[in-house]
Amino acid sequence: MEIKVAKHAGFCFGVKKAIEIAEEVAQKNKEKTYVYGQLVHNEQVIKDLEGKGIVFVENINEIPENSVTVLRAHGEPGTTYSILGQKSIVRGKNLNDATCPLVTLVHNVAIKLKNSGYEVILFGKRNHPEAIGTSYHLKGKDTFIVEKPEQAGMAADYISKNNFEKVAIISQTTMSVYGYKMLIDNINSKLGNDKFEEIPLSLKDLTKKYGYVDTICNPTKQRQSDTDEIAKDSEIVIVIGGKNSSNSKELYAKCRELGVESYFIQSGQQLQKEWFKGKEKIGVTAGASTPDYLINEVVEKIREITS
Ligand code: SF4
(Lines give C-alpha, C1' and ligand atoms only; values in the text may rest on other atoms or scores of the structure.)
Protein backbone atom coordinates (compact mmCIF):
# COMPACT_ATOMS: atom_id res chain seq x y z
CA MET A 1 0.00 0.00 0.00
CA GLU A 2 1.25 3.45 -0.90
CA ILE A 3 0.33 6.72 0.83
CA LYS A 4 1.09 9.85 -1.17
CA VAL A 5 0.86 13.27 0.46
CA ALA A 6 0.37 16.26 -1.85
CA LYS A 7 3.59 18.28 -2.22
CA HIS A 8 1.89 21.51 -1.23
CA ALA A 9 -0.44 20.61 1.58
CA GLY A 10 -1.25 22.41 4.80
CA PHE A 11 -0.39 25.88 6.06
CA CYS A 12 0.26 28.56 3.45
CA PHE A 13 2.71 31.34 4.30
CA GLY A 14 -0.13 33.79 5.09
CA VAL A 15 -1.65 31.51 7.72
CA LYS A 16 1.79 30.59 9.15
CA LYS A 17 2.63 34.27 9.54
CA ALA A 18 -0.72 35.06 11.21
CA ILE A 19 -0.19 32.29 13.77
CA GLU A 20 3.40 33.39 14.42
CA ILE A 21 2.23 36.97 15.00
CA ALA A 22 -0.53 35.87 17.40
CA GLU A 23 1.83 33.59 19.36
CA GLU A 24 4.58 36.20 19.60
CA VAL A 25 2.17 38.92 20.71
CA ALA A 26 0.52 36.63 23.29
CA GLN A 27 3.89 35.59 24.68
CA LYS A 28 4.98 39.19 25.26
CA ASN A 29 1.62 40.38 26.54
CA LYS A 30 0.86 39.82 30.22
CA GLU A 31 -2.84 40.61 29.77
CA LYS A 32 -5.26 38.77 27.47
CA THR A 33 -4.58 38.91 23.74
CA TYR A 34 -7.73 39.21 21.62
CA VAL A 35 -8.13 37.87 18.12
CA TYR A 36 -11.13 39.08 16.17
CA GLY A 37 -12.71 36.12 14.35
CA GLN A 38 -11.18 32.74 13.65
CA LEU A 39 -7.50 33.38 13.01
CA VAL A 40 -7.50 30.36 10.70
CA HIS A 41 -10.36 28.11 9.74
CA ASN A 42 -9.16 25.15 11.75
CA GLU A 43 -10.78 24.14 15.04
CA GLN A 44 -7.72 22.31 16.37
CA VAL A 45 -5.31 25.18 15.73
CA ILE A 46 -7.75 27.55 17.45
CA LYS A 47 -7.90 25.26 20.49
CA ASP A 48 -4.09 25.13 20.69
CA LEU A 49 -3.90 28.92 20.58
CA GLU A 50 -6.58 29.28 23.25
CA GLY A 51 -4.32 27.14 25.43
CA LYS A 52 -1.64 29.83 24.96
CA GLY A 53 -3.88 32.53 26.43
CA ILE A 54 -5.42 33.90 23.24
CA VAL A 55 -9.08 34.87 23.37
CA PHE A 56 -11.08 34.58 20.14
CA VAL A 57 -14.16 36.74 19.77
CA GLU A 58 -16.72 36.72 16.99
CA ASN A 59 -18.29 40.01 18.10
CA ILE A 60 -16.03 43.06 17.98
CA ASN A 61 -17.92 44.55 20.97
CA GLU A 62 -16.44 41.82 23.14
CA ILE A 63 -12.97 43.31 22.75
CA PRO A 64 -12.36 45.58 25.74
CA GLU A 65 -10.93 49.09 25.26
CA ASN A 66 -7.20 49.37 24.96
CA SER A 67 -6.62 45.62 24.67
CA VAL A 68 -3.90 43.99 22.66
CA THR A 69 -5.58 42.72 19.50
CA VAL A 70 -4.60 40.67 16.47
CA LEU A 71 -6.42 40.78 13.14
CA ARG A 72 -6.52 37.59 11.08
CA ALA A 73 -5.04 36.85 7.64
CA HIS A 74 -8.36 37.19 5.75
CA GLY A 75 -8.38 40.99 5.72
CA GLU A 76 -10.89 43.30 7.39
CA PRO A 77 -13.22 46.01 6.16
CA GLY A 78 -12.33 49.59 7.10
CA THR A 79 -15.17 49.64 9.64
CA THR A 80 -13.26 47.15 11.80
CA TYR A 81 -10.32 49.56 12.08
CA SER A 82 -12.63 52.50 12.93
CA ILE A 83 -14.45 50.56 15.66
CA LEU A 84 -11.15 49.39 17.14
CA GLY A 85 -9.78 52.93 16.86
CA GLN A 86 -12.67 54.16 19.02
CA LYS A 87 -11.54 51.65 21.63
CA SER A 88 -7.95 53.02 21.45
CA ILE A 89 -6.79 49.91 19.64
CA VAL A 90 -4.59 51.20 16.84
CA ARG A 91 -1.66 50.14 14.68
CA GLY A 92 1.74 50.91 16.14
CA LYS A 93 0.35 50.62 19.68
CA ASN A 94 -1.73 47.53 20.42
CA LEU A 95 -3.20 46.48 17.08
CA ASN A 96 -1.30 43.72 15.27
CA ASP A 97 -2.51 43.28 11.74
CA ALA A 98 -1.90 39.80 10.26
CA THR A 99 -3.72 40.47 6.99
CA CYS A 100 -2.01 38.38 4.30
CA PRO A 101 -0.21 40.57 1.72
CA LEU A 102 -1.95 38.60 -1.03
CA VAL A 103 -5.34 39.65 0.37
CA THR A 104 -4.15 43.26 0.54
CA LEU A 105 -3.17 42.89 -3.12
CA VAL A 106 -6.78 41.93 -3.97
CA HIS A 107 -8.05 44.98 -2.02
CA ASN A 108 -5.70 47.19 -4.03
CA VAL A 109 -6.85 45.62 -7.32
CA ALA A 110 -10.49 46.20 -6.30
CA ILE A 111 -9.82 49.85 -5.43
CA LYS A 112 -7.89 50.55 -8.65
CA LEU A 113 -10.55 48.94 -10.85
CA LYS A 114 -13.31 50.84 -9.09
CA ASN A 115 -11.44 54.14 -9.37
CA SER A 116 -10.89 53.47 -13.07
CA GLY A 117 -14.64 53.34 -13.71
CA TYR A 118 -15.24 49.59 -13.49
CA GLU A 119 -18.26 47.99 -11.91
CA VAL A 120 -16.50 45.21 -10.01
CA ILE A 121 -18.10 41.79 -9.53
CA LEU A 122 -16.59 39.43 -6.96
CA PHE A 123 -16.35 35.66 -7.37
CA GLY A 124 -16.37 34.50 -3.76
CA LYS A 125 -18.33 33.19 -0.80
CA ARG A 126 -20.74 35.87 0.38
CA ASN A 127 -20.25 35.25 4.12
CA HIS A 128 -16.52 34.58 4.02
CA PRO A 129 -14.54 37.23 5.93
CA GLU A 130 -12.27 37.83 2.94
CA ALA A 131 -15.23 38.53 0.64
CA ILE A 132 -16.71 40.90 3.25
CA GLY A 133 -13.36 42.72 3.55
CA THR A 134 -12.97 43.05 -0.23
CA SER A 135 -16.59 44.16 -0.71
CA TYR A 136 -15.94 47.05 1.67
CA HIS A 137 -13.65 48.56 -0.99
CA LEU A 138 -16.37 48.19 -3.65
CA LYS A 139 -20.05 48.75 -2.91
CA GLY A 140 -20.14 47.22 0.57
CA LYS A 141 -23.21 45.03 1.03
CA ASP A 142 -24.40 45.96 -2.47
CA THR A 143 -21.35 44.44 -4.14
CA PHE A 144 -22.47 41.87 -6.68
CA ILE A 145 -21.06 38.51 -5.54
CA VAL A 146 -21.17 35.32 -7.60
CA GLU A 147 -20.57 32.19 -5.54
CA LYS A 148 -20.45 29.51 -8.23
CA PRO A 149 -20.09 29.15 -12.01
CA GLU A 150 -23.73 28.03 -12.22
CA GLN A 151 -24.75 31.60 -11.28
CA ALA A 152 -23.29 32.98 -14.51
CA GLY A 153 -26.80 33.68 -15.87
CA MET A 154 -27.54 35.92 -12.90
CA ALA A 155 -24.26 37.80 -13.43
CA ALA A 156 -24.88 38.18 -17.19
CA ASP A 157 -28.37 39.60 -16.48
CA TYR A 158 -26.93 42.04 -13.95
CA ILE A 159 -24.37 43.24 -16.49
CA SER A 160 -26.85 43.55 -19.38
CA LYS A 161 -29.62 45.25 -17.40
CA ASN A 162 -27.40 47.90 -15.84
CA ASN A 163 -25.64 49.00 -18.96
CA PHE A 164 -22.34 49.59 -17.14
CA GLU A 165 -19.64 51.34 -19.10
CA LYS A 166 -16.97 48.86 -17.92
CA VAL A 167 -17.21 45.66 -15.86
CA ALA A 168 -14.41 43.73 -14.15
CA ILE A 169 -14.54 40.43 -12.29
CA ILE A 170 -12.11 39.56 -9.50
CA SER A 171 -11.91 36.48 -7.28
CA GLN A 172 -11.51 35.70 -3.60
CA THR A 173 -7.99 34.26 -3.17
CA THR A 174 -9.19 30.78 -2.21
CA MET A 175 -11.66 29.98 -4.97
CA SER A 176 -11.32 27.16 -7.50
CA VAL A 177 -9.16 27.97 -10.53
CA TYR A 178 -11.32 25.69 -12.64
CA GLY A 179 -14.52 27.23 -11.21
CA TYR A 180 -13.32 30.75 -12.03
CA LYS A 181 -12.55 29.79 -15.62
CA MET A 182 -15.93 28.10 -15.92
CA LEU A 183 -17.69 31.19 -14.55
CA ILE A 184 -16.00 33.46 -17.12
CA ASP A 185 -16.76 31.02 -19.97
CA ASN A 186 -20.39 30.71 -18.86
CA ILE A 187 -20.84 34.49 -18.62
CA ASN A 188 -19.21 34.96 -22.04
CA SER A 189 -21.54 32.42 -23.60
CA LYS A 190 -24.53 34.43 -22.35
CA LEU A 191 -23.31 37.87 -23.46
CA GLY A 192 -23.48 39.36 -26.94
CA ASN A 193 -20.38 40.45 -28.82
CA ASP A 194 -18.49 41.86 -25.85
CA LYS A 195 -16.61 39.11 -24.00
CA PHE A 196 -14.61 39.10 -20.78
CA GLU A 197 -10.87 38.98 -21.44
CA GLU A 198 -8.06 38.71 -18.91
CA ILE A 199 -6.62 41.91 -17.48
CA PRO A 200 -3.08 41.17 -16.21
CA LEU A 201 -2.58 41.64 -12.47
CA SER A 202 -0.29 44.62 -13.18
CA LEU A 203 -3.49 46.50 -14.24
CA LYS A 204 -1.41 48.53 -16.71
CA ASP A 205 -4.07 48.50 -19.38
CA LEU A 206 -7.52 49.36 -18.06
CA THR A 207 -9.20 50.13 -21.36
CA LYS A 208 -11.07 46.83 -21.79
CA LYS A 209 -14.85 47.10 -21.53
CA TYR A 210 -15.17 43.66 -19.91
CA GLY A 211 -12.22 42.16 -18.07
CA TYR A 212 -11.36 39.70 -15.33
CA VAL A 213 -8.30 39.62 -13.10
CA ASP A 214 -6.78 36.40 -11.80
CA THR A 215 -6.60 37.15 -8.06
CA ILE A 216 -6.60 33.55 -6.80
CA CYS A 217 -3.39 33.31 -4.76
CA ASN A 218 -0.49 31.05 -5.77
CA PRO A 219 -0.55 28.89 -2.60
CA THR A 220 -4.21 28.09 -3.38
CA LYS A 221 -3.33 27.27 -6.99
CA GLN A 222 -0.46 25.00 -5.90
CA ARG A 223 -2.73 23.11 -3.49
CA GLN A 224 -5.37 22.68 -6.18
CA SER A 225 -2.98 21.44 -8.87
CA ASP A 226 -1.18 19.05 -6.48
CA THR A 227 -4.54 17.69 -5.31
CA ASP A 228 -5.52 17.19 -8.93
CA GLU A 229 -2.33 15.17 -9.49
CA ILE A 230 -2.82 13.09 -6.33
CA ALA A 231 -6.51 12.43 -7.09
CA LYS A 232 -5.74 11.16 -10.59
CA ASP A 233 -3.25 8.68 -9.18
CA SER A 234 -5.18 7.42 -6.10
CA GLU A 235 -8.05 5.09 -5.35
CA ILE A 236 -9.06 7.12 -2.32
CA VAL A 237 -8.18 10.67 -1.20
CA ILE A 238 -8.36 11.99 2.35
CA VAL A 239 -8.77 15.77 2.46
CA ILE A 240 -7.90 17.34 5.82
CA GLY A 241 -9.23 20.79 6.69
CA GLY A 242 -11.43 22.86 8.96
CA LYS A 243 -15.18 22.69 8.38
CA ASN A 244 -15.23 26.43 7.54
CA SER A 245 -12.10 26.40 5.41
CA SER A 246 -13.02 27.63 1.93
CA ASN A 247 -9.84 26.35 0.26
CA SER A 248 -10.08 22.90 1.92
CA LYS A 249 -13.66 22.53 0.73
CA GLU A 250 -12.51 23.41 -2.79
CA LEU A 251 -9.92 20.60 -2.63
CA TYR A 252 -12.59 18.14 -1.55
CA ALA A 253 -14.91 19.34 -4.34
CA LYS A 254 -12.09 18.89 -6.85
CA CYS A 255 -11.54 15.24 -5.80
CA ARG A 256 -15.25 14.54 -6.09
CA GLU A 257 -15.38 16.18 -9.51
CA LEU A 258 -12.61 13.85 -10.61
CA GLY A 259 -14.70 10.92 -9.42
CA VAL A 260 -12.22 9.58 -6.88
CA GLU A 261 -13.59 8.25 -3.59
CA SER A 262 -12.79 11.00 -1.12
CA TYR A 263 -13.46 12.02 2.46
CA PHE A 264 -13.25 15.42 4.14
CA ILE A 265 -12.03 15.12 7.72
CA GLN A 266 -10.90 17.39 10.52
CA SER A 267 -8.81 14.85 12.45
CA GLY A 268 -7.44 11.30 12.30
CA GLN A 269 -10.15 10.08 14.67
CA GLN A 270 -12.71 10.34 11.88
CA LEU A 271 -10.91 7.82 9.67
CA GLN A 272 -12.77 4.55 9.15
CA LYS A 273 -11.05 1.26 8.46
CA GLU A 274 -13.56 0.12 5.83
CA TRP A 275 -12.76 3.13 3.59
CA PHE A 276 -9.36 1.58 2.86
CA LYS A 277 -10.42 -2.02 2.19
CA GLY A 278 -8.81 -3.27 -1.03
CA LYS A 279 -7.16 0.11 -1.72
CA GLU A 280 -3.51 0.18 -2.70
CA LYS A 281 -3.06 3.85 -3.58
CA ILE A 282 -4.05 6.39 -0.95
CA GLY A 283 -3.75 10.14 -1.45
CA VAL A 284 -3.68 12.74 1.31
CA THR A 285 -4.11 16.47 0.85
CA ALA A 286 -4.87 19.40 3.13
CA GLY A 287 -6.05 22.98 2.89
CA ALA A 288 -3.98 26.06 3.73
CA SER A 289 -5.30 26.16 7.29
CA THR A 290 -4.21 22.63 8.25
CA PRO A 291 -1.07 22.29 10.41
CA ASP A 292 1.68 19.80 9.45
CA TYR A 293 1.31 17.87 12.70
CA LEU A 294 -2.31 17.10 11.80
CA ILE A 295 -1.29 15.83 8.35
CA ASN A 296 1.38 13.59 9.94
CA GLU A 297 -1.09 12.36 12.54
CA VAL A 298 -3.59 11.40 9.82
CA VAL A 299 -0.90 9.59 7.78
CA GLU A 300 0.19 7.66 10.89
CA LYS A 301 -3.41 6.77 11.71
CA ILE A 302 -3.98 5.47 8.15
CA ARG A 303 -0.87 3.27 8.50
CA GLU A 304 -2.11 2.04 11.86
CA ILE A 305 -5.62 1.08 10.79
CA THR A 306 -4.54 -0.49 7.51
CA SER A 307 -1.67 -2.58 8.92
S1 SF4 B 1 -4.70 31.29 1.20
FE2 SF4 B 1 -3.49 32.75 0.00
S3 SF4 B 1 -4.33 34.75 0.48
FE4 SF4 B 1 -5.10 33.35 2.04
S5 SF4 B 1 -3.65 33.54 3.71
FE6 SF4 B 1 -2.93 31.85 2.43
S7 SF4 B 1 -1.46 32.80 1.00
FE8 SF4 B 1 -2.68 34.43 1.91
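**Sheet, helix packing and salt bridges**

Strand β2 (residues 33-36) and β3 run parallel and are joined by four bridges. Helices (H or I, at least four residues) and strands (E, at least two) are DSSP runs, numbered from the N terminus, and two strands pair if DSSP finds at least two bridges between them. This is a predicted model, in which local features need pLDDT of at least 70, side-chain atom pairs count only at pLDDT 80 or more, and totals for chains, interfaces and linings use all residues. Residues are numbered from 1 along each chain as its sequence is written, and side-chain values use heavy atoms, with hydrogens and water left out.

**Sheet**

- Tyr34 has Val55 in β3 as its bridge partner.
- The open sheet has four strands in the order β3-β2-β4-β5, with parallel pairing.
- β3 (54-57) and β5 (95-97) stand at the edges with a single partner strand each, so one side of each is left without a neighbour in the sheet.
- From one strand to the next, the twist averages 25°.
- Helix α3 (residues 78-86) lies across β2, β4 (68-71) and β5, and runs at about 180° to β4; axes are lines fitted to C-alpha atoms, for helices over the stretch in contact, and angles run from 0 to 180 degrees between N-to-C directions.

**Helix packing**

- Helix α4 (residues 101-115) packs with helix α5 (residues 129-136) at an angle of about 35°, their axes being 9 Å apart.
- Val103, Val106, His107 and Ala110 of α4 make the contact with Glu130, Gly133 and Thr134 of α5 (contact means heavy atoms within 4.5 Å).

**Salt bridges**

- There are 14 salt bridges in the structure, each a side-chain nitrogen of Lys or Arg within 4 Å of a carboxyl oxygen of Asp or Glu.
- Glu23 and Lys52 meet in one of them through their side chains (2.7 Å, N to O).
- Glu23 lies in helix α1 (residues 13-28) and Lys52 in the loop between α2 (43-50) and β3, so the pair ties together parts that are 29 residues apart in sequence.
- Another salt bridge links the side chains of Glu119 and Lys139 (3.0 Å, N to O).
- Glu119 lies in strand β6 (residues 118-123) and Lys139 in the loop between α5 and β7 (145-146), so this pair ties together parts that are 20 residues apart in sequence.
- Glu119 is buried at 8% relative accessibility, whereas Lys139 is partly exposed at 42% (buried means under 20% relative accessible area, exposed over 50%, partly exposed in between, with a 1.4 Å probe and protein chains only).
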